[in-house]
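Notebook open, new chain loaded.

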Amino acid sequence: MQATRLTLICHAATAAQKQARFADDESLLMDWQGSQLSLAGHYPKAARLVCGPEARARQTAALFGAQPCIEAALRDLDLGRWKGQAIGDLDSDQMNAWLTDSAAAPHGGETLGQLCRRVGDWIKSQERQPGHVLAVTHPFVIRAALLFVMQCPVSMFYRIDVEPLSRTELRFNAVWRLRLETHA
């Protein structure tokens, strides 16, 4: 049986990230339509390209030169009332509750526990689809994917840093594995 290869690519940088604000479907800081930034040759044409529905994910996916399939399961964490808000302007008690309790949603959106279940369900669905999938998504989604694959508790969520345009390789052949690669 052919293995499943899942390459998770974090969207490129946004103004919200630079300004320490929560995302609110903003565009990328870079000229994502410029051909000099194309990443199309970095992966085989046989790979399926999917992305979250937000503008920053769709624009980053466009760097790969193919029309991506929008995958709702790859959408960013729903931060409810906190969308677009500066992190420093939020109530510290609410922020602390959110950072320490995976079932808390003081913003009125999705909990970290719900995000992790959604992403875990999507990854499990990929087990039955051999081949290579390029998935352009968000730091929170990639963190949730790593927790699922490594079977870590949600309490480890904030110990993972995901940089813009970073790549995370996951492979499935009877069991999920995190694959670290070198680029010589």
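Predicted model: local features only at pLDDT ≥ 70, side-chain atom pairs only at ≥ 80, totals over all residues.

**Entry 1: helix α4.** I started with the buried residues of α4, which are Leu-112, Gly-113, Leu-115, Cys-116, Arg-118, Val-119, Gly-120, Trp-122, Ile-123, Ser-125 and Gln-126. What does the covering? I found β1 (4-10), β2 (48-51), α3 (92-100), β4 (131-137), α5 (139-150) and β6 (176-179) among the elements over those buried residues.

I also checked the length of α4, residues 112-126. At 1.5 Å a residue it should span 21 Å, and its end C-alpha atoms are 21 Å apart, so that agrees.

**Entry 2: the whole chain.** I stepped back for the overall layout. I get five helices and six strands, and from the N terminus the order reads β-α-β-α-β-α-α-β-α-β-β. The chain has 184 residues, and 46% of them are buried. Of the contacts with a separation of 6 or more, 69% join residues 24 or more positions apart. The accessible surface comes to about 9700 Å², with 50% of that belonging to carbon and sulfur atoms.

**Entry 3: the cores.** Next I asked which residues have the most contacts inside the largest nonpolar core. They are Leu-6, Trp-98, Leu-115, Trp-122, Ile-123, Phe-157 and Leu-170, in a core of 35 residues. The elements giving two or more residues to this core are β1, α3, α4, β4, α5 and β5 (167-172). The largest share, eight residues, is from α5. There is also a second, separate core of nine residues, including Ile-9, Leu-49, Leu-134 and Val-136.

Skipping its neighbours within four places in sequence, I find Trp-98 in contact with Phe-22, Leu-77, Leu-79, Trp-82, Ala-104, Pro-106, His-107, Leu-112, Phe-140 and Tyr-158. Leu-112 on that list is also one of the buried residues of α4.

**Entry 4: cysteines.** How many disulfides are in the whole structure? My search found zero. For Cys-51, the nearest cysteine sulfur is that of Cys-69, 8.2 Å away; the cut-off for a disulfide is 2.5 Å between sulfurs. Is Cys-51 buried or exposed? Its relative accessibility is 0%, so I count Cys-51 as buried. Cys-152 has a relative accessible area of 34%, so I logged it as partly exposed.

Terms used. Residues numbered from 1 in each chain as written. Heavy atoms only, no water. Helix = DSSP H or I, 4+ residues; strand = E, 2+ residues; numbered from the N terminus. Expected span 1.5 Å × (residues − 1). Buried < 20%, exposed > 50% of the residue type's maximum accessible area, 1.4 Å probe, protein only. Contact = heavy atoms within 4.5 Å. Core = buried A, V, L, I, M, F, W, Y, C linked by side-chain atoms within 4.5 Å. Areas by Shrake-Rupley, 256 points an atom, 1.4 Å probe, with all protein chains shown as cover.
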